[in-house]
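Got your viewer open and ready? Let's take a walk through this one, a stop at a time.

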Amino acid sequence: MANLKTFLGELVTNISKARVESDIQSISIAKEYAKDELLKHLSIPRMKVDSVEISIPLGITEVKYKESEIFEPIDNKKMTSVTYQNILKSIQLEKMPLEYSKAYISTIQSQIQILESHVKANQKERASLIFLDSISSKIGQEINAIYKSSKKQPLNLEQIKLIQDNLKEQLQKEVIDAIKVENKEKKVDEIDVIIESSKLQEVKPENLIVVKMKISEQGLEWVNYENLNGEEKSKLIPE
């Protein structure tokens, strides 16, 4: 018994390795051609496979499902307002100077978009941490500048850290409330299959499948170039 995606991955890997072996042989032949006065004027034979088509009979033994959550869109307007109000509360100001206020609202809105994109990718925990760290870090970096514009006494590092921690604690509750599950769905996660031909006869007809694959080759090659700083760089590009 084998895992379907592992089996297919190994199959593709082995086809790639076959190409490697073919190229190694081509290099060996090229060296021999170079030694011969007549052969060195001829082109070096090199095998290149444009595509490989494979049909593989398999027997399904088990299908494992994974439950995933579908989330509602985050209310950007509400979340922006709630986050901004919590920032004001944490730094004990009724309002920010206009230049900071606009910048913070813009930052909050962009971080909400990032939050939502991570949530849709089923990375809810990571999404929350990134959002909280981004907002609290911005406050930590700019709070004394905001205080200076508001004619308030600057804070020391310990006081700033306390404000950041309190802000993250308050915002965490808001983020949890903002991320709402709309629905849940099951998706195929793992498929276990029988690949041995001798065992396929024992599999029920309804569990037999034929996987058809067409594998096309696309080679890569290293290209050297010089960047704007005059440094030599290399990168892989398609042939």
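**Stop one: isoleucine 215**

Start by selecting isoleucine 215 and showing what surrounds it: apart from neighbours within four places in sequence, isoleucine 215 touches Val12, Ile15, Asp50, Ser51, Val52 and Ile54. Keep in mind as you click around that this is a predicted model. Isoleucine 215 sits in strand β4, which covers residues 208-216. Is isoleucine 215 buried or exposed? Its relative accessible area is 16%, so isoleucine 215 counts as buried, the cut-off being under 20%.

Along the sequence, aspartate 50 and isoleucine 215 are 165 residues apart, yet in space their C-alpha atoms are 8.5 Å apart.

**Stop two: helix α2 against helix α3**

Next, select residues 76-90, helix α2, together with residues 98-120, helix α3. Their axes come within 10 Å and cross at roughly 130 degrees. That angle is why α2 is called oblique to α3. The crossing of α2 past α3 is right-handed.

Which residues make the contact?

- from α2: Asn76, Met79, Thr80, Thr83, Tyr84 and Ile87
- from α3: Ser101, Tyr104, Ile105, Ile108, Gln109, Ile112 and Gln113

Colour that contact by residue type and you get seven nonpolar, six polar and no charged residues.

**Stop three: threonine 80**

Stay in helix α2 and zoom in on threonine 80. With 8% relative accessibility, threonine 80 counts as buried, because the limit is under 20%. Setting aside neighbours within four places in sequence, threonine 80 is in contact with Ile105, Ile108, Gln109 and Ile112. And where does the side chain of threonine 80 reach? To the backbone oxygen of asparagine 76, at 2.7 Å.

**Stop four: helix α2 against helix α5**

The α2 and α5 crossing is right-handed.

- from α2: Met79, Val82, Thr83, Asn86, Ile87 and Ser90
- from α5: Ile163, Leu167, Gln170, Leu171, Glu174, Val175 and Ala178

How many residues of this contact are nonpolar, polar and charged? Between α2 and α5 there are eight nonpolar, four polar and one charged.

Conventions: Residues numbered from 1 in each chain as written. Predicted model: local features only at pLDDT ≥ 70, side-chain atom pairs only at ≥ 80, totals over all residues. Heavy atoms only, no water. Axes fitted to C-alpha atoms, helices over the stretch in contact; angles between N-to-C directions. Helix = DSSP H or I, 4+ residues; strand = E, 2+ residues; numbered from the N terminus. Parallel < 35°, antiparallel > 145°, perpendicular 65-115°, else oblique. Left-handed = near helix turned anticlockwise from the far one by under 90°. Contact = heavy atoms within 4.5 Å. Nonpolar A, V, L, I, M, F, W, Y, C, P; charged D, E, K, R; others polar. Buried < 20%, exposed > 50% of the residue type's maximum accessible area, 1.4 Å probe, protein only. Polar contact = N/O pair within 3.5 Å; in protein donor to acceptor, adjacent residues only side chain to side chain.
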